[in-house]
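Let's take a friendly walk through a protein model. Have a look at its sequence and its fold before reading on.

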Amino acid sequence: MEKSTLVLGASENTSRYSNKAIRKLRAQNIETHAIGARDGKVLDVVITTEKQLFKALNTISLYLNKERQKEYYDYIITLKPERVIFNPGTENTELMSLLKKAKIKVEVACTLVLLSTNQY
């Protein structure tokens, strides 16, 4: 399966890790989608505020804190990604439990590190 990724919590701000992740994903030619608090664009990736039904997602990379994740619980499960990466600061046992029940792999890791070490 294509390693398509949804960056949830995306930002146009180049100092944000979500922005760095989008850039690194695109540098490795990984199909990338992005949802953020504001519409925008990073390279060729459009950031939307809308919960779109992306097809055949391999990964969701989270960049939202635990409280901000709550509104996305059902959405994430509906997308049925193969895995959800909880980047540093996004750990959430409640969501992790829901994902495991839905048979979605949970990974507590850093997307940037995984990409840099060819473990993505």
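The report below goes from the whole chain to its sheet and then to its pocket.

## About the model

This is a predicted model, in which local features need pLDDT of at least 70 and side-chain atom pairs count only at pLDDT 80 or more, while totals for chains, interfaces and linings use all residues. Residues are numbered from 1 along each chain as its sequence is written, and side-chain values use heavy atoms, with hydrogens and water left out.

## The whole chain

The chain has five helices and seven strands; helices (H or I, at least four residues) and strands (E, at least two) are DSSP runs, numbered from the N terminus. Along the sequence, they follow the pattern β-α-β-β-β-β-α-α-β-α-β-α. The chain's radius of gyration is 13 Å, close to the 14 Å that the globule rule gives for 120 residues, so the chain is as compact as a globular protein of that length. Here the radius is taken over C-alpha atoms, and the globule rule is 2.2 Å times the number of residues to the power 0.38. Along the principal axes, the C-alpha atoms fill a box of roughly 35 × 30 × 25 Å.

## The sheet

In what order do the strands of the open sheet lie? The order of the seven strands is β3-β4-β2-β1-β5-β6-β7, with mixed pairing; two strands pair if DSSP finds at least two bridges between them. β3 (40–42) and β7 (105–108) stand at the edges with a single partner strand each, so one side of each has no neighbour in the sheet. On average, neighbouring strands are turned by 25 degrees against each other, direction ignored.

Now for some pairs. β5 (residues 59–62) and β6 (residues 83–86) run parallel and are joined by four bridges, with Thr 59 partnered by Arg 83 in β6. β2 and β4 are also parallel, over two bridges, and Ala 34 has Ile 47 in β4 as its bridge partner. β3 and β4, in contrast, run antiparallel, joined by three bridges, and Val 42 stands opposite Val 45 in β4. Their hairpin has two residues between the strands, and Leu 43 takes a positive phi near 55 degrees there.

## The largest pocket

The largest pocket holds about 560 Å³ of space. On a 1 Å grid over the protein atoms alone, a pocket is an open set of points where a 1.4 Å probe fits, with protein on both sides within 12 Å along at least five of seven lines; lining residues have an atom within 4 Å of a point. Grid points are joined across faces, edges and corners, and the volume is the space filled by probe spheres set on the points.

Which residues are closest to the centre of the pocket? Of the 26 lining residues, they are Gly 9, Ser 11, Arg 16, Ser 18 and Tyr 63.

Note on methods:
Axes fitted to C-alpha atoms, helices over the stretch in contact; angles between N-to-C directions.
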